[in-house]
Amino acid sequence: MKKLFLFITALTVMAACQRPAEEAEVAIESLLADVSNPLSLTLEDTTGWRNTLSVLERASASVESDSLWARYTLVSADVQAQLPGGALYAIRSYIAVFDSLPQRVEGALGLLGAAMVFEEKLEDHGRAIQTLTMLTDAYPNTAIARTAMELRDVITFETEASLLDKIHQWEAQELPQQP
């Protein structure tokens with residue numbers, strides 16, 4: 001009887017340990033379903049996102065597998081980036097994945113995610129370019145490094161092109177009119 005009680009208790013504990021991961025997978029499925037529905041992309045309501053974020057963070061803290069930890073942390077960072085005021089928290093999460101798994105593809109995804117948040121959410125072109133350069137240095141001769149170089153070039157030339165446009169506007173205003 002005592003062995004049966006210990007066995008049931010052990011099963012309950014194991015099930016409780018698996019629950020955060022299961023909840024996280026359900027949350028990820030829900031997020032993917034929302035992305036596939038074009039109407040949900042137009043909504044700015046963040047109701048439920050904080051709950052999703054806490055589920056993902058609990059799951060990343062409870063799993064022992066590096067791959068699952070990286071998966072939940074990266075998805076958590078994606079959610080953080082969408083929340084108002086969450087960009088810096090997202091960058092912190094992305095960089096944590098890179099710092100923890102620098103030799104794996106998840107580390108590269110972390111740097112790419114951080115660069116995208118710098119560029120799109122914070123409009124910090126310099127830090128986005130710096131982060132993409134870190135990615136190309138850390139993962140040379142990979143497909144993700146080539147993508148990062150292309151993205152870095154787009155950001156660089158976009159910034160320089162807008163600067164050139166401003167210079168041309170300034171010159172047009174300063175030039176005296178010819179009779």
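Tutor: Start with a definition: the angle between two helices is taken between their N-to-C directions and runs from 0 to 180 degrees. This is a predicted model. In it, helix α4 (residues 66-82) and helix α5 (residues 87-100) pack at an angle of about 160°, with their axes 7 Å apart.

Student: Why is α4 called roughly antiparallel to α5?

Tutor: Angles over 145 degrees count as roughly antiparallel. The angle here is about 160°, so α4 is roughly antiparallel to α5. The crossing of α4 past α5 is left-handed.

Student: Which residues of α4 and α5 meet?

Tutor: On the α4 side they include Trp69, Leu74 and Asp78; on the α5 side, Tyr89, Arg92 and Val97 are among them. The residues of this contact divide into eleven nonpolar, four polar and two charged.

Student: What makes phenylalanine 98 and tyrosine 139 an edge-to-face pair?

Tutor: Ring centres must lie within 6.5 Å, and planes over 60 degrees apart count as edge-to-face. For phenylalanine 98 and tyrosine 139 the values are 6.5 Å centre to centre and 65° between the planes, so both conditions hold. The structure holds one aromatic pair.

Student: What parts does the pair tie together?

Tutor: Phenylalanine 98 lies in helix α5, and tyrosine 139 in the loop between α7 (125-138) and α8 (143-174), so the parts joined are 41 residues apart in sequence.

Student: How do you know whether phenylalanine 98 and tyrosine 139 are buried or exposed?

Tutor: Buried means under 20% relative accessible area. Phenylalanine 98 has 14% and therefore counts as buried; tyrosine 139, at 9%, counts as buried too.

Technical notes: Residues numbered from 1 in each chain as written. Predicted model: local features only at pLDDT ≥ 70, side-chain atom pairs only at ≥ 80, totals over all residues. Heavy atoms only, no water. Helix = DSSP H or I, 4+ residues; strand = E, 2+ residues; numbered from the N terminus. Parallel < 35°, antiparallel > 145°, perpendicular 65-115°, else oblique. Left-handed = near helix turned anticlockwise from the far one by under 90°. Contact = heavy atoms within 4.5 Å. Nonpolar A, V, L, I, M, F, W, Y, C, P; charged D, E, K, R; others polar. Phe/Tyr/Trp six-rings, centres within 6.5 Å; stacked < 30°, edge-to-face > 60°. Buried < 20%, exposed > 50% of the residue type's maximum accessible area, 1.4 Å probe, protein only.
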